[in-house]
Amino acid sequence: MASVLICNQIFIMKRIIPDIKVIPIIRHVKRHTIELSEKTLEKTQGVKKFLAEVANFFLFISCTIKETFSRDFEFKEFLRQCFQIGYKSLPLISITGIIIGLVLTIQSRPALLSFGAVSMLPGMVAISLIREMGPVITALICAGKIGSGMGAELGSMKVTEQIDAMEVSSTNPVRFLIVTRVLAATLMIPILVLYADVLGIFGSWIGANIKGEVTFALFFSQAFGQVQYIDFLPAVVKTFFFGAVIGLVGCYKGYTAGRGTESVGVAANSAVVLASLLVIIIDLIAAQITDMI
Amino acid sequence: MKTIPILEINNLSKGFDELEVLKNVSLQLFNGENLVVLGKSGSGKSVLIKCIVGLLIPDGGTINVLGEDVGSLKSDALGELRKKIGFLFQSGALYDSMTVKQNLEFPLRRIKKNLTQKEIDKKIEEVLEHVGLSDVLNKIPSQLSGGMRKRISLARTIVVDPQIMLYDEPTTGLDPVTSDEISLLINNVQKKYKTSSLIITHDIECARATANRVIMLHDGGVYMEGNIEEFEKSTDVLIKSFFK
């Protein structure tokens, strides 16, 4: 296209200035066209690669969904994954939950105090924790811990031919490795978020007692007194999507890792990056939908 | 005697992007024999063996295993066929997160679904004894040496009583003594479990110890076929470079 336009320009220039030397211009046009076509080719290949990756990811999701509803569900492995994802994340989520509540209270208190609205602190902290802070921060932590773990574990299984060995021994690796992990993440992350919310409010109570004095029962009744059904339900629903996305991305990156040991690191790293990004995007979509409701 | 081919490959071709790894490879594995496929690294031996079990899809040709055309099988039927094939991976491919016992239980529970726990335990004990490692039941793969891992991997493969055994470089990375032990085990498996085996290797000592028949792959095709004595006596430069 570019070369056609340039040729047209040369033709017009030749009519205006008959003595003009065309050969150097043509050489320039050729070189320019080759450079342009190489760049276009590079970009096209990049776009093709990206589209192929997206298509592969959706195929992977459809395959996982199909295998989820097939016979011979690997229940024992599912329970093991629930234990790995849920129980083993409790210490990290506990510490993070308490600190989020504590920090939120310490930073909000002076502003509320200046308006004489300290009594609204428990409700404000509870709503912000339940609607946004709890789900997003817990999901981001899980994307780091669980997503990278899945990426690295499945990636190393791929490199050491363990997935091939599973397939050869007549076991469907998607059913055994992927479905169990994705379902466990989808189920466990909402539970971890609720747990983080409760501990966040507990941390907030500790924060409120640093500068003031409020009983545990009063703080909790004030906190949950402000929370409505509409604050709670969308936040819980979106955490299921967070869980599914973390599980799917972690498994996809690990399962499609290359053959070298370097690819294990790449799989773990890209699982964290992509899962975190998708958590933020889902949160944005959820916020828009909740706003419309 | 061994006239029934239980594995037949005709004009098999497989390439990756521009690189053509296998070009019209044809071979037959007869009932009860040990067929060794020799070749340099990169000659397409592992690609060949992975095509047989459907881990790689060939570009052309046919693979017939136990009377079934692998290329035309759907996933369920391929799964059923794989139950009759044992595959020993080059790396052993033991499941890192499981103990030795769980590694052996894994295929057994899925392939022999009717077995009771008592029967499973007995079977595991029997194969571990066969590979000479009865005392590592509760160890995890990272606690085992390279030779032990290979033996456990072999035990995991034979525990389901396969009809065909495929060995992918069974002695690679092992010291000469352990390599000899693995070669001996391959022969014992053939005798005890009446299996037919395809052994992919570049280890001449392993080939000498196990082969009933040898095929040499070179440049993606079959270069020579015969028994080990014919290979030893060959005046061909390439063959001589292997057997010197």
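Me: Before we start, what counts as a helix or a strand here?

Reply: Both are DSSP runs numbered from the N terminus: a helix is H or I over at least four residues, a strand is E over at least two. Chain B comes to 9 helices and 10 strands. This is a predicted model, where local features need pLDDT of at least 70 and side-chain atom pairs count only at pLDDT 80 or more, while totals for chains, interfaces and linings use all residues. Residues are numbered from 1 along each chain as its sequence is written, with chains lettered from A and ligands numbered from 1 in the order in which they are written.

Me: How do α5 and α10 of chain A pack?

Reply: Axes are lines fitted to C-alpha atoms, for helices over the stretch in contact, and angles run from 0 to 180 degrees between N-to-C directions. In chain A, α5 (residues 121-159) and α10 (residues 262-292) pack at about 150 degrees, their axes 7 Å apart. Over 145 degrees counts as roughly antiparallel, so α5(A) and α10(A) fall in that group.

Me: What is the radius of gyration of chain B, and what would a compact globule have?

Reply: The radius is taken over C-alpha atoms, and the globule rule is 2.2 Å times the number of residues to the power 0.38. For 244 residues a compact globule would be near 18 Å, and chain B agrees at 18 Å. Its C-alpha atoms fill a box of roughly 55 × 40 × 40 Å along the principal axes.

Me: How much of chain B is buried?

Reply: A residue is buried if 20 or more other C-beta atoms, placed from the backbone, lie within 10 Å of its own. In chain B, 41% of the 244 residues count as buried.

Definitions and conventions. Angles under 35 degrees count as roughly parallel, over 145 as roughly antiparallel, 65 to 115 as roughly perpendicular and the rest as oblique. A residue is buried if 20 or more other C-beta atoms lie within 10 Å of its own, exposed if 12 or fewer, and partly exposed in between; C-beta atoms are placed from the backbone.
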